[in-house]
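I opened a new notebook page for this protein.

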Amino acid sequence: MPELPEVEALTAYLSERLTGRVIAEVRPVAISALKTYDPPVTALAGRTVGPVVRHGKFLDIEAGGLHLVVHLARAGWLRWKEHLPAEPPRPSTRNPLALRVRLEGPDGDGFDLTEAGTKKGLAVHLVRDAAEVPGVARLGPDPLAPDFDLARFRALLGGERRRIKGVLRDQSVLAGVGNAYSDEVLHAARMSPYKLAADLSEEETARLFEALGTTLREAVERSRGLAAGELKAEKKLGMRVHGRTGQPCPVCGDTVREVSFADSSLQYCPTCQTGGKPLADRRLSRLLK
(Lines give C-alpha, C1' and ligand atoms only; values in the text may rest on other atoms or scores of the structure.)
Protein backbone atom coordinates (compact mmCIF):
# COMPACT_ATOMS: atom_id res chain seq x y z
CA MET A 1 0.00 0.00 0.00
CA PRO A 2 1.36 3.45 -0.87
CA GLU A 3 2.04 5.40 2.31
CA LEU A 4 3.05 8.97 3.11
CA PRO A 5 6.45 8.98 1.29
CA GLU A 6 5.11 7.44 -1.92
CA VAL A 7 2.01 9.66 -1.98
CA GLU A 8 4.21 12.69 -1.29
CA ALA A 9 6.38 11.74 -4.27
CA LEU A 10 3.29 11.19 -6.44
CA THR A 11 2.04 14.62 -5.39
CA ALA A 12 5.26 16.27 -6.56
CA TYR A 13 5.32 14.19 -9.74
CA LEU A 14 1.76 15.14 -10.66
CA SER A 15 2.23 18.80 -9.71
CA GLU A 16 4.91 19.11 -12.38
CA ARG A 17 2.74 17.46 -15.05
CA LEU A 18 -0.76 18.64 -14.21
CA THR A 19 -0.67 22.16 -12.78
CA GLY A 20 -2.01 24.65 -15.29
CA ARG A 21 -3.16 21.95 -17.73
CA VAL A 22 -6.75 21.59 -18.92
CA ILE A 23 -8.54 18.27 -18.48
CA ALA A 24 -9.98 17.02 -21.77
CA GLU A 25 -11.99 14.12 -20.40
CA VAL A 26 -12.40 11.74 -17.49
CA ARG A 27 -13.54 8.21 -18.21
CA PRO A 28 -14.66 6.05 -15.25
CA VAL A 29 -14.17 2.35 -15.98
CA ALA A 30 -14.60 0.54 -12.64
CA ILE A 31 -17.76 2.00 -11.14
CA SER A 32 -16.93 0.34 -7.80
CA ALA A 33 -14.04 2.80 -7.39
CA LEU A 34 -16.33 5.85 -7.50
CA LYS A 35 -17.48 6.82 -4.03
CA THR A 36 -19.35 10.00 -4.99
CA TYR A 37 -21.77 10.84 -7.80
CA ASP A 38 -22.59 14.55 -7.41
CA PRO A 39 -20.85 16.17 -9.14
CA PRO A 40 -20.00 13.39 -11.62
CA VAL A 41 -16.32 12.89 -12.45
CA THR A 42 -17.09 13.92 -16.03
CA ALA A 43 -17.64 17.45 -14.67
CA LEU A 44 -13.85 17.83 -14.58
CA ALA A 45 -13.71 18.12 -18.37
CA GLY A 46 -12.67 21.62 -19.45
CA ARG A 47 -11.37 22.62 -16.02
CA THR A 48 -7.81 23.79 -15.37
CA VAL A 49 -5.79 21.87 -12.81
CA GLY A 50 -4.61 23.87 -9.83
CA PRO A 51 -2.72 22.61 -6.77
CA VAL A 52 -2.01 18.92 -6.22
CA VAL A 53 -1.68 18.21 -2.50
CA ARG A 54 -1.53 15.29 -0.08
CA HIS A 55 -3.73 14.55 2.92
CA GLY A 56 -2.16 11.57 4.69
CA LYS A 57 -2.38 8.78 2.09
CA PHE A 58 -4.92 10.70 -0.01
CA LEU A 59 -4.06 12.49 -3.27
CA ASP A 60 -6.03 15.68 -3.89
CA ILE A 61 -6.08 17.13 -7.42
CA GLU A 62 -7.91 20.47 -7.53
CA ALA A 63 -9.41 21.58 -10.83
CA GLY A 64 -11.71 24.55 -11.26
CA GLY A 65 -13.10 24.45 -7.74
CA LEU A 66 -13.55 20.67 -7.63
CA HIS A 67 -11.29 18.16 -5.90
CA LEU A 68 -10.49 14.72 -7.29
CA VAL A 69 -9.50 12.91 -4.10
CA VAL A 70 -7.95 9.46 -4.50
CA HIS A 71 -7.00 6.77 -2.00
CA LEU A 72 -4.94 4.05 -3.68
CA ALA A 73 -5.63 1.45 -0.96
CA ARG A 74 -3.61 -1.76 -1.01
CA ALA A 75 -3.34 -2.54 -4.72
CA GLY A 76 -4.18 0.72 -6.46
CA TRP A 77 -1.69 2.76 -8.44
CA LEU A 78 -1.37 5.75 -10.73
CA ARG A 79 0.25 5.25 -14.13
CA TRP A 80 1.28 8.26 -16.18
CA LYS A 81 0.97 7.85 -19.96
CA GLU A 82 2.58 10.17 -22.50
CA HIS A 83 0.14 8.94 -25.15
CA LEU A 84 -3.19 7.55 -24.02
CA PRO A 85 -5.11 5.33 -26.46
CA ALA A 86 -7.68 7.23 -28.48
CA GLU A 87 -10.34 4.55 -28.19
CA PRO A 88 -12.48 4.44 -25.01
CA PRO A 89 -11.37 1.82 -22.47
CA ARG A 90 -13.68 -1.15 -22.10
CA PRO A 91 -14.73 -2.42 -18.67
CA SER A 92 -13.50 -5.95 -17.99
CA THR A 93 -13.01 -8.13 -14.94
CA ARG A 94 -9.48 -8.80 -16.20
CA ASN A 95 -8.69 -5.14 -16.84
CA PRO A 96 -7.12 -3.36 -13.84
CA LEU A 97 -8.06 0.08 -15.22
CA ALA A 98 -10.44 1.99 -12.94
CA LEU A 99 -10.31 5.60 -14.18
CA ARG A 100 -8.64 7.47 -17.04
CA VAL A 101 -7.87 11.19 -17.10
CA ARG A 102 -6.80 12.71 -20.41
CA LEU A 103 -5.37 16.20 -20.77
CA GLU A 104 -5.89 18.62 -23.62
CA GLY A 105 -3.02 18.80 -26.09
CA PRO A 106 -1.67 17.11 -29.19
CA ASP A 107 -0.10 14.21 -27.31
CA GLY A 108 -3.19 13.07 -25.42
CA ASP A 109 -1.18 12.53 -22.25
CA GLY A 110 -2.66 11.89 -18.81
CA PHE A 111 -2.93 9.12 -16.26
CA ASP A 112 -4.71 5.90 -15.48
CA LEU A 113 -5.79 4.76 -12.03
CA THR A 114 -5.48 0.99 -11.82
CA GLU A 115 -6.11 -1.68 -9.22
CA ALA A 116 -4.86 -5.24 -9.32
CA GLY A 117 -6.47 -8.26 -7.67
CA THR A 118 -9.99 -9.10 -6.69
CA LYS A 119 -10.13 -7.30 -3.34
CA LYS A 120 -11.05 -3.78 -4.42
CA GLY A 121 -10.28 -0.83 -2.17
CA LEU A 122 -9.36 1.97 -4.58
CA ALA A 123 -11.51 5.01 -3.75
CA VAL A 124 -12.15 7.99 -6.02
CA HIS A 125 -14.14 11.00 -4.79
CA LEU A 126 -15.08 14.18 -6.62
CA VAL A 127 -16.06 16.84 -4.09
CA ARG A 128 -16.15 20.60 -3.68
CA ASP A 129 -14.06 20.42 -0.51
CA ALA A 130 -11.61 17.65 0.38
CA ALA A 131 -12.98 17.63 3.94
CA GLU A 132 -16.20 16.14 2.53
CA VAL A 133 -14.32 12.84 2.15
CA PRO A 134 -14.81 10.95 5.44
CA GLY A 135 -11.30 9.50 5.42
CA VAL A 136 -9.78 12.96 5.03
CA ALA A 137 -12.04 14.53 7.66
CA ARG A 138 -10.92 12.08 10.35
CA LEU A 139 -7.17 12.35 9.73
CA GLY A 140 -4.87 13.11 12.60
CA PRO A 141 -1.90 15.49 12.25
CA ASP A 142 0.67 14.99 9.51
CA PRO A 143 3.99 13.85 11.04
CA LEU A 144 5.93 15.96 8.52
CA ALA A 145 3.96 19.15 9.15
CA PRO A 146 6.13 22.08 10.38
CA ASP A 147 4.05 22.44 13.55
CA PHE A 148 4.21 18.76 14.51
CA ASP A 149 6.62 18.70 17.44
CA LEU A 150 7.54 16.41 20.31
CA ALA A 151 5.03 17.98 22.69
CA ARG A 152 2.19 17.34 20.27
CA PHE A 153 3.37 13.77 19.67
CA ARG A 154 3.57 13.10 23.39
CA ALA A 155 0.03 14.42 23.84
CA LEU A 156 -1.25 12.05 21.13
CA LEU A 157 0.21 9.04 22.93
CA GLY A 158 -0.92 10.02 26.41
CA GLY A 159 -3.55 7.62 27.74
CA GLU A 160 -3.28 5.29 24.71
CA ARG A 161 -3.59 1.77 26.09
CA ARG A 162 -3.03 0.19 22.69
CA ARG A 163 0.18 -1.32 21.40
CA ILE A 164 2.38 1.24 19.71
CA LYS A 165 2.29 -0.51 16.32
CA GLY A 166 -1.49 -0.09 16.13
CA VAL A 167 -1.33 3.52 17.32
CA LEU A 168 1.17 4.50 14.63
CA ARG A 169 -1.07 2.95 11.96
CA ASP A 170 -4.24 4.65 13.16
CA GLN A 171 -4.97 7.41 10.64
CA SER A 172 -7.01 9.36 13.18
CA VAL A 173 -3.89 9.59 15.35
CA LEU A 174 -1.24 10.15 12.65
CA ALA A 175 -1.91 10.76 8.97
CA GLY A 176 0.00 8.73 6.41
CA VAL A 177 1.83 5.99 8.32
CA GLY A 178 0.82 2.44 7.42
CA ASN A 179 2.01 -1.10 7.99
CA ALA A 180 5.37 -0.80 6.25
CA TYR A 181 6.65 2.45 7.69
CA SER A 182 5.40 1.71 11.19
CA ASP A 183 7.66 -1.39 11.08
CA GLU A 184 10.55 0.77 9.88
CA VAL A 185 9.98 3.50 12.46
CA LEU A 186 9.83 1.02 15.34
CA HIS A 187 13.01 -0.68 14.16
CA ALA A 188 14.79 2.68 13.93
CA ALA A 189 13.55 3.52 17.45
CA ARG A 190 14.68 0.09 18.77
CA MET A 191 11.20 -0.49 20.16
CA SER A 192 8.91 -3.52 20.37
CA PRO A 193 5.71 -3.20 18.31
CA TYR A 194 3.88 -4.74 21.28
CA LYS A 195 4.84 -2.01 23.76
CA LEU A 196 1.86 -0.06 25.11
CA ALA A 197 1.91 3.56 23.95
CA ALA A 198 0.92 4.90 27.37
CA ASP A 199 3.86 3.10 28.99
CA LEU A 200 6.54 4.90 27.00
CA SER A 201 9.01 6.88 29.07
CA GLU A 202 9.92 10.43 28.09
CA GLU A 203 13.17 9.15 26.61
CA GLU A 204 11.39 6.44 24.61
CA THR A 205 8.81 8.91 23.32
CA ALA A 206 11.56 11.29 22.21
CA ARG A 207 13.42 8.44 20.51
CA LEU A 208 10.28 7.30 18.71
CA PHE A 209 9.49 10.86 17.62
CA GLU A 210 12.98 11.25 16.19
CA ALA A 211 12.75 7.88 14.39
CA LEU A 212 9.35 8.81 12.95
CA GLY A 213 10.55 12.05 11.40
CA THR A 214 13.90 10.70 10.22
CA THR A 215 12.45 7.55 8.64
CA LEU A 216 9.73 9.39 6.75
CA ARG A 217 11.95 12.25 5.59
CA GLU A 218 14.62 9.86 4.35
CA ALA A 219 12.00 7.86 2.44
CA VAL A 220 10.59 11.04 0.89
CA GLU A 221 14.08 12.13 -0.12
CA ARG A 222 14.84 8.75 -1.73
CA SER A 223 11.62 9.02 -3.73
CA ARG A 224 12.11 12.61 -4.83
CA GLY A 225 12.25 13.02 -8.60
CA LEU A 226 11.35 9.41 -9.38
CA ALA A 227 8.76 8.58 -12.00
CA ALA A 228 5.51 7.14 -10.69
CA GLY A 229 6.41 3.71 -12.06
CA GLU A 230 9.64 3.60 -10.03
CA LEU A 231 8.22 4.39 -6.60
CA LYS A 232 7.14 0.87 -5.61
CA ALA A 233 10.60 -0.57 -6.28
CA GLU A 234 12.27 2.26 -4.36
CA LYS A 235 10.00 1.69 -1.36
CA LYS A 236 10.90 -2.00 -1.26
CA LEU A 237 14.63 -1.35 -1.60
CA GLY A 238 14.56 1.18 1.23
CA MET A 239 13.06 -1.19 3.80
CA ARG A 240 15.27 -2.54 6.59
CA VAL A 241 12.86 -5.01 8.21
CA HIS A 242 9.44 -4.73 6.55
CA GLY A 243 8.97 -7.46 3.97
CA ARG A 244 12.36 -8.99 4.83
CA THR A 245 11.38 -11.95 6.98
CA GLY A 246 14.25 -14.43 7.28
CA GLN A 247 16.88 -11.97 6.09
CA PRO A 248 19.63 -10.51 8.29
CA CYS A 249 18.96 -7.24 10.07
CA PRO A 250 21.19 -4.59 8.44
CA VAL A 251 22.00 -3.16 11.88
CA CYS A 252 22.90 -6.20 14.00
CA GLY A 253 22.76 -9.21 11.68
CA ASP A 254 20.04 -11.06 13.60
CA THR A 255 17.29 -12.74 11.56
CA VAL A 256 14.25 -10.57 10.87
CA ARG A 257 11.12 -12.21 12.31
CA GLU A 258 7.44 -11.92 11.43
CA VAL A 259 4.12 -11.89 13.26
CA SER A 260 1.16 -12.82 11.04
CA PHE A 261 -2.41 -11.65 11.37
CA ALA A 262 -5.61 -12.34 9.48
CA ASP A 263 -4.88 -9.95 6.61
CA SER A 264 -1.40 -8.54 7.24
CA SER A 265 1.87 -9.10 9.06
CA LEU A 266 4.58 -7.15 10.84
CA GLN A 267 8.34 -7.62 10.74
CA TYR A 268 10.88 -6.80 13.42
CA CYS A 269 14.39 -7.59 14.65
CA PRO A 270 14.48 -9.41 18.03
CA THR A 271 17.96 -8.14 18.94
CA CYS A 272 17.25 -4.51 18.08
CA GLN A 273 13.69 -4.33 19.36
CA THR A 274 12.65 -7.02 21.85
CA GLY A 275 15.73 -7.89 23.86
CA GLY A 276 16.37 -10.95 21.70
CA LYS A 277 12.99 -12.53 22.49
CA PRO A 278 10.66 -13.54 19.62
CA LEU A 279 7.14 -12.13 19.82
CA ALA A 280 4.16 -14.45 20.07
CA ASP A 281 2.60 -14.98 16.65
CA ARG A 282 -1.13 -14.99 17.31
CA ARG A 283 -3.10 -14.78 14.10
CA LEU A 284 -6.21 -13.69 15.96
CA SER A 285 -4.40 -10.87 17.76
CA ARG A 286 -6.38 -7.65 17.91
CA LEU A 287 -3.23 -5.55 17.48
CA LEU A 288 -3.95 -4.27 13.99
CA LYS A 289 -7.72 -3.88 14.18
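**Overall build.** I counted the secondary structure first: the protein has 8 helices and 10 strands. Helices (H or I, at least four residues) and strands (E, at least two) are DSSP runs, numbered from the N terminus. Next I looked up the radius of gyration, taken over C-alpha atoms. The value is 20 Å, close to the 19 Å that the globule rule gives for 289 residues, so the protein is as compact as a globular protein of that length. That rule is 2.2 Å times the number of residues to the power 0.38. Along the principal axes, the C-alpha atoms fill a box of roughly 60 × 40 × 35 Å.

**Ground rules.** I noted that this is a predicted model, where local features need pLDDT of at least 70, side-chain atom pairs count only at pLDDT 80 or more, and totals for chains, interfaces and linings use all residues. Residues are numbered from 1 along each chain as its sequence is written, and side-chain values use heavy atoms, with hydrogens and water left out.

I traced an open sheet of 4 strands in the order β1-β6-β7-β5, with antiparallel pairing. Two strands pair if DSSP finds at least two bridges between them. The edge strands, β1 (23–28) and β5 (76–81), each pair on one side only. From one strand to the next, the twist averages 15°. Axes here are lines fitted to C-alpha atoms, for helices over the stretch in contact, and angles run from 0 to 180 degrees between N-to-C directions. I then checked β5 against β7 (residues 110–115): 6 bridges join these antiparallel strands. G76 stands opposite E115 in β7. Helix α1 (residues 4–18) packs on this sheet and touches β5, β6 (97–103) and β7. Contact means heavy atoms within 4.5 Å. The direction of α1 makes about 30° with that of β5.

**Another sheet.** I found an open sheet of 4 strands ordered β2-β3-β4-β8, with antiparallel pairing. Its edge strands are β2 (49–55) and β8 (123–127), and each pairs on one side only. Strands β3 and β4 (residues 66–71) run antiparallel and are joined by 6 bridges. L59 stands opposite V70 in β4. Helix α1 turns up again here: α1 lies across β2 and β3, running at about 175° to β2.

**Cavities.** How many cavities of 30 Å³ or more are there? I get 2. The search uses a 1 Å grid over the protein atoms alone; a cavity is a set of points where a 1.4 Å probe fits but cannot get out, and lining residues have an atom within 4 Å of a point. Grid points are joined across faces, edges and corners, and a volume is the space filled by probe spheres set on the points. The largest cavity has about 50 Å³. Its lining includes L18, I23, V49 and F111. By class, this lining has 10 nonpolar, no polar and no charged residues. Ala, Val, Leu, Ile, Met, Phe, Trp, Tyr, Cys and Pro count as nonpolar, Asp, Glu, Lys and Arg as charged, and the others, Gly among them, as polar. The second largest cavity has about 30 Å³. Among its lining residues are M1, K57 and H71.

**A pocket.** A pocket is an open set with protein on both sides within 12 Å along at least five of seven lines. I looked at the second largest pocket, with about 230 Å³ of space. Of its 15 lining residues, E184, A188, T215, E218 and R240 are the closest to its centre. Helix α6 gives the most to this lining, with 8 residues.
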